[in-house]
Amino acid sequence: MKMGLRTRLFFSHLVVMIVGVASLVSISKISSPRLFVLHLEGLENQGFDLIDVRAELVTGFELAWQRSTLWSVLVGTTAAGGLSYWVSRRITQRLTEMEQITQKFALGQMDARLPVSDIPELSGLSASFNRMAASLEGVEARRREVIGDMTHELRTPLTVVRGYLEELADGEIEASPEIYRRLARETKRLERLVNDLQELSKAEAGYLPINIQRINLRPLLESLMEKFTDQLLEDGPVLILKCPSVIPPVLADIDRTEQVLVNLLGNAVYYTNEGSITIDVGTEASQLWIAVIDTGIGIAPENLSHVFERFWRADQSRDRHSGGTGIGLTISHRLIELQGGKIQVESELGVGSTFRFFLPLA
């Protein structure tokens, strides 16, 4: 039969008490009479005549000692037993509360928290559990948000594809290259969305491989300038590179940095109809910063805090068919963090936006 923690604590306290009392009684039984006799001999040496009553004195002392010891043991045992029971119950009561809370948490009540205890060790355990619970609650909330957002994002292209297929099957519309192009465009959007979600999931879980090396970013910036200049129309914005001929190397992943720059430049091109898009490069303390500055539609002040959230778009009026997946900036934010840097945004509605990210110098 297994004993519970309360019973174990109670009996352990009793064992300690019994050993202590037994030790006290044993030592007192051996030493007290002898010490009393030595005290009587000392009195006799001082001139007191105790020879005739010594035996009665020793017997009386032993009797008084036995009675007082008996009462001391009874009272001490009762008090110690009661105190042991109270302490054991107090400790196990907290543990029982913790067990009940953890069971609620396991059943999905993510807001369940352990009460703070006045016992330091249990208080530390409660604090650790509550931190873990808060973290798991945040993970669960983000999981639900991702599922909800993903469902909402997937519904639009799937509805479009299903609508065209049903109309084609019912003969309501005739098959044409334009219809097939629309279907292909929606399936490509689905593919892009799934790929971005997969990459975002890996990035947030820390599974995305990052190859940090000592690199010079100037060749990459020049290559991107050529690539995006070819995409701009004659009446569109002008692409400008403001970068020193020699810039210090950084510790970064060249492929992931290119991915971030492509996302930022792609957004700038999409939301800028005229004016300019500038890639500005500089150093600050022990970091290199790169800014993508556009003269596009800008972002309202109340929306700046949502820029790096999943599926958020600066221009909510644009439909989802022409926009991106809405998680490019979220991926960029995570990629910069994984490289030991940071990214920030400044914007003014109707004036333009500036996305600036920092990378550590090599």
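The following dialogue goes through a predicted model of a protein chain and the terms used to describe it.

Student: How many helices and strands does the protein chain have, and what makes a run count as one?

Tutor: There are 7 helices and 7 strands. Both are DSSP runs, numbered from the N terminus: a helix is H or I with at least four residues, and a strand is E with at least two. Along the sequence the pattern reads α-α-α-α-β-α-β-β-α-β-β-α-β-β.

Student: Why is Gln339 called buried?

Tutor: Buried means under 20% relative accessible area, exposed over 50%, and partly exposed in between, with a 1.4 Å probe and protein chains only. Gln339 has 4% relative accessibility, and therefore counts as buried. In the protein chain, buried residues make up 33% of the 362 residues.

Student: Where is Gln339, and which residues is Gln339 in contact with?

Tutor: Gln339 is in the loop between helix 7 and strand 6 (342-348). Contact means heavy atoms within 4.5 Å. Leaving aside neighbours within four places in sequence, the contacts of Gln339 include Ile210, Ile212, Leu251, Arg256 and Pro360. Helix 7 (residues 328-338) has buried residues of its own, among them Gly328, Leu329, Leu335 and Ile336. Just after this helix, Gly340 takes a positive phi of about 80°.

Student: What makes Tyr270 and Tyr271 an edge-to-face pair?

Tutor: Rings of Phe, Tyr and Trp (its six-membered ring) pair if their centres lie within 6.5 Å; planes under 30 degrees apart count as stacked, over 60 as edge-to-face and the rest as tilted. By this rule the count comes to 2 aromatic pairs. The ring centres of Tyr270 and Tyr271 are 4.8 Å apart and the planes stand at 85°, so this pair is edge-to-face. Tyr270 is partly exposed because its relative accessible area is 27%, whereas Tyr271, at 16%, is buried.

Student: Why does the pair of Phe308 and Phe355 tie together parts apart in sequence?

Tutor: Phe308 and Phe355 are also edge-to-face, at 6.3 Å centre to centre and 85° between the planes. Phe308 lies in the loop between strand 5 (287-294) and helix 7, and Phe355 in strand 7 (residues 352-360), so the pair links parts 47 residues apart in sequence. Both Phe308 and Phe355 are buried.

Student: How do you know that the charged end of Lys342 sits over the ring of Phe358?

Tutor: The rule asks that NZ of Lys or CZ of Arg be within 6 Å of the ring centre and within 35 degrees of the ring normal. The charged end of Lys342 is 5.2 Å from the centre of the Phe358 ring and sits over that ring. Arg356 likewise lies over the face of Trp289, at 4.8 Å from the ring centre.

Student: What makes strand 4 a partner of strand 2 and of strand 5?

Tutor: Two strands pair if DSSP finds at least two bridges between them. Strand 2 (residues 238-242) and strand 4 run parallel with 5 bridges, and strand 4 and strand 5 run antiparallel with 8 bridges. Asp280 of strand 4 is the bridge partner of Lys242 and stands opposite Ala291 in strand 5. Strand 4 (residues 276-284) is mostly covered, with 7 of its 9 residues buried.

How values were computed. Residues are numbered from 1 along each chain as its sequence is written. This is a predicted model: local features need pLDDT of at least 70, side-chain atom pairs count only at pLDDT 80 or more; totals for chains, interfaces and linings use all residues. Side-chain values use heavy atoms; hydrogens and water are left out.
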